Amino acid sequence: MRLTGGCFCGAVCYEISGELRDARSCHCSRCRKAFSSQASAYALVNSGEFKWLTGENLLTTYLGKHGFGLQFCSKCGSTLCGVFESTIHGVTLGCVDGDPHIEIGWHIFVGSKASWEVLPDGITTYEEAPPAR
Ligand SMILES: [Zn+2]
Ligand SMILES: [Zn+2]
């Protein structure tokens, strides 16, 4: 399977030669800020299957606590991926092109969701983190 993704302005593009895993959406206040949205929409990738095609030099990295960071396009601001200790960890689903053949499996930290967010019926939610699997 080959997936591609890219930012809003099109300068940064990537390719994934495998499958996305563990798609999740986190509604905590930190993710709302980091993803400028009601929640994150994020899936894991195998780092060996991820490759930047164009614009890698335009990426800016914001490193948060515990070695986890986000990389975004310095031209348009799209957040493209998460990194852990400078290795690719996952991608934001909003920047994936087309149908990645995965759906968000769980919505986590809905106990601290924004007051203005209305959760749809039929989704799997956890008040905080999901139980260890
Ligand atoms: Zn861009
Ligand atoms: Zn979160």
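The model is predicted, and every value is computed from its atoms.

The zinc ion listed as ligand 1 is coordinated by the SG atoms of Cys7, Cys9, Cys73 and Cys76, at 2.3 to 2.4 Å. The arrangement around the zinc ion (ligand 1) counts as tetrahedral because its four donor atoms subtend angles of 106 to 112°, and four donors are given that label if all angles lie between 85 and 135 degrees. Along the chain, the donors of this zinc ion (ligand 1) follow the spacing C-x1-C-x63-C-x2-C. Within that pattern, cysteine 7 sits in the loop between β1 (3-6) and β2 (13-16), whereas cysteine 73 belongs to strand β7 (residues 68-73), and the two, 66 residues apart, link distant parts of the chain. Cysteine 7 counts as buried because its relative accessibility is 10%, and cysteine 73 likewise counts as buried, at 1% relative accessibility; the cut-off behind both labels is a relative accessible area under 20%.

For the zinc ion listed as ligand 2, the coordinating atoms are the SG atoms of Cys26, Cys28 and Cys31, at 2.1 to 2.3 Å. The spacing of the donors of the zinc ion (ligand 2) along the chain is C-x1-C-x2-C. Of these residues, cysteine 28 and cysteine 31 are both buried. Water is not among the atoms, so a site may look incomplete.

The charged side chains come next. Side chains of opposite charge can pair when their charged atoms come close. The count of salt bridges comes to two, where a side-chain nitrogen of Lys or Arg has to lie within 4 Å of a carboxyl oxygen of Asp or Glu. One salt bridge pairs arginine 2 with glutamate 15, with 2.6 Å between the closest N and O atoms. This pair links distant parts of the chain, 13 residues apart, with arginine 2 in the segment before β1 and glutamate 15 in strand β2. Arginine 2 counts as exposed because its relative accessibility is 54%, while glutamate 15, at 14% relative accessibility, counts as buried.

A salt bridge also joins the side chains of lysine 51 and glutamate 15, at 3.6 Å from N to O. Lysine 51 lies in strand β5 (residues 50-54) and glutamate 15 in strand β2, so this pair ties together parts that are 36 residues apart in sequence. With a relative accessible area of 46%, lysine 51 is partly exposed. Through salt bridges that share partners, Arg2, Glu15 and Lys51 are joined into one network.

Notes:
Residues are numbered from 1 along each chain as its sequence is written. Chains are lettered from A and ligands numbered from 1 in the order in which they are written. This is a predicted model: local features need pLDDT of at least 70, side-chain atom pairs count only at pLDDT 80 or more; totals for chains, interfaces and linings use all residues. Side-chain values use heavy atoms; hydrogens and water are left out. Donors are N, O and S atoms within 2.8 Å of the metal (3.2 Å for Na, K and Ca); water is not among the atoms, so sites may look incomplete. Buried means under 20% relative accessible area, exposed over 50%, partly exposed in between (1.4 Å probe, protein chains only). Four donors count as tetrahedral if all angles lie between 85 and 135 degrees; four count as square planar and six as octahedral if opposite donors are over 155 degrees apart and all others between 65 and 115; anything else is irregular. Helices (H or I, at least four residues) and strands (E, at least two) are DSSP runs, numbered from the N terminus.
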